[in-house]
Amino acid sequence: MPVPDVFSPAKLGPITLRNRIIKAATFENRTPGALASDDLIEYHRLPAAGGVGMTTVAYCAVSQGGRTSDDGLWMRPEAVAGLRRLTDAVHAEGALVSAQIGHAGPVADARSNKARALAPVRFFNPIGMRFAKKATRDDIDQVIAQHADAARYALDAGFDAVEIHLGHNYLASSFLSPLINRRSDEFGGSLANRAKVARGIVQAVHQTVGGQMAVTAKLNMSDGVRGGISLDESLTTAKWLQDDGGLDALELTAGSSLVNPMYLFRGHAPIKEFASVFPPPLSWGMRMTGKKFLREYPYTDAYLLEQARLFRAELSLPLILLGGITNRETMDQAMAEGFEFVAMARALLAEPDLINRIAAEPATRSECIHCNQCMPTIYKRTHCVVTGAPDSLH
């Protein structure tokens, strides 16, 4: 099979992207009142104008209690009009747009959300200083239904795709994790039981909007912690999701927002910067124990490729390669190894017009230095502290 050009159009389920480059979901914190703002619209218009095939709005929670905090947008009738302005703005630039939908589960800040958080088991969140409730069967059924409703709202708002969040130990991922999920009922124990929530969510979304918009999912290949989701179990889950027939593509990720976030991001661990955004005693704890939570991993190009190859070898489902995709060489390598799409986040946060510049000059290098100082900015307004973007195109 000929290797596709990353800048050639590509089908993703019922839609066609102008190229194979996707702006990955990056929490924007530009949704005052839990609604789309002009600031959020501009945040996504810029990479659309800058050349991506599709941009991903993060994080569109499926319920008030499913947000990481009350700064986050949640999908409901009141949100549709603002999101329609966003999708119209992105479409006007020639790009498509996806809504990342999910439930934060044990990562949710119940105090900030003013709504009870859910988890596979009773779970303490030190950020919100609250316990998450052990989800009942009724809770699980409700969350699955809320994902279907969220997808329908996304369709009404003009989105071309939804990305279901099954990663980073958010609710569906926490059920998959043997480290977190200590249940002994039908949703715990075996992988088949632990995967019921993720599979149920995907099927509900597919049955609601499948064929009308693309349905993708973000899945952890591994949590990067002992006892967490392993490569073998994740690959089995991915095969089940493929066989269930509810997905048009799978985006492969890694790491845990609860216990090991740097396993996804790689590069410098900004401990001091994180400590500065929290009040005492959390700030003191971050300074004293930050190295254990924010473990530092060296940055390399395409750093998730080695794990992702195992999935590419076993799956026929289209795959989206994430992690260290910042230049034409890594994009071409992904295409050569059989990945249908690539996704990037930090590089586009630094330079929203990077894709147009790479298209014009393939030797273009990203200005992102992987300092990760953008990570703590999610608590105020996500931006690159090095370039100041995305506030204007270069």
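Mentor: Helices and strands here are DSSP runs, numbered from the N terminus; a helix needs at least four residues and a strand at least two. The model is predicted. N169 is found in the loop between β9 and α5.

Trainee: Is N169 counted as buried or exposed, and why?

Mentor: Its relative accessibility is 2%. Buried means under 20%, so N169 counts as buried.

Trainee: What is the value of phi at N169?

Mentor: Phi of N169 is near 65°, which is positive in a residue other than glycine. A34 also has a positive phi, near 60°. A34 lies in the loop between β3 (21-23) and α1 (38-49), and it is buried because its relative accessible area is 3%, against a limit of 20%.

Trainee: Where does H168 lie, and what makes its pairing with T253 a polar contact?

Mentor: H168 lies in the loop between β9 (161-166) and α5 (171-176). The side chains of H168 and T253 are joined at 2.8 Å, and a polar contact needs N or O atoms within 3.5 Å. Beyond its neighbours within four places in sequence, H168 is in contact with residues including V107, K218, N220 and L264. H168 counts as buried because its relative accessibility is 9%.

Trainee: Why is the pair of R328 and D5 called a salt bridge?

Mentor: The closest N and O atoms of R328 and D5 are 3.1 Å apart, and the definition asks for a side-chain nitrogen of Lys or Arg within 4 Å of a carboxyl oxygen of Asp or Glu. R328 lies in helix α13 (residues 328-336) and D5 in the segment before β1 (10-12), so the pair ties together parts 323 residues apart in sequence.

Trainee: What makes R194 and E233 a salt bridge, and which parts does the pair tie together?

Mentor: Their closest N and O atoms are 2.8 Å apart, and the limit is 4 Å. R194 lies in helix α6 (residues 191-194) and E233 in helix α8 (residues 231-244), so the pair joins parts 39 residues apart in sequence.

Trainee: How many salt bridges does a search of the whole structure find?

Mentor: The search finds 21.

Terms used
Residues numbered from 1 in each chain as written. Predicted model: local features only at pLDDT ≥ 70, side-chain atom pairs only at ≥ 80, totals over all residues. Heavy atoms only, no water. Buried < 20%, exposed > 50% of the residue type's maximum accessible area, 1.4 Å probe, protein only. Polar contact = N/O pair within 3.5 Å; in protein donor to acceptor, adjacent residues only side chain to side chain. Contact = heavy atoms within 4.5 Å.
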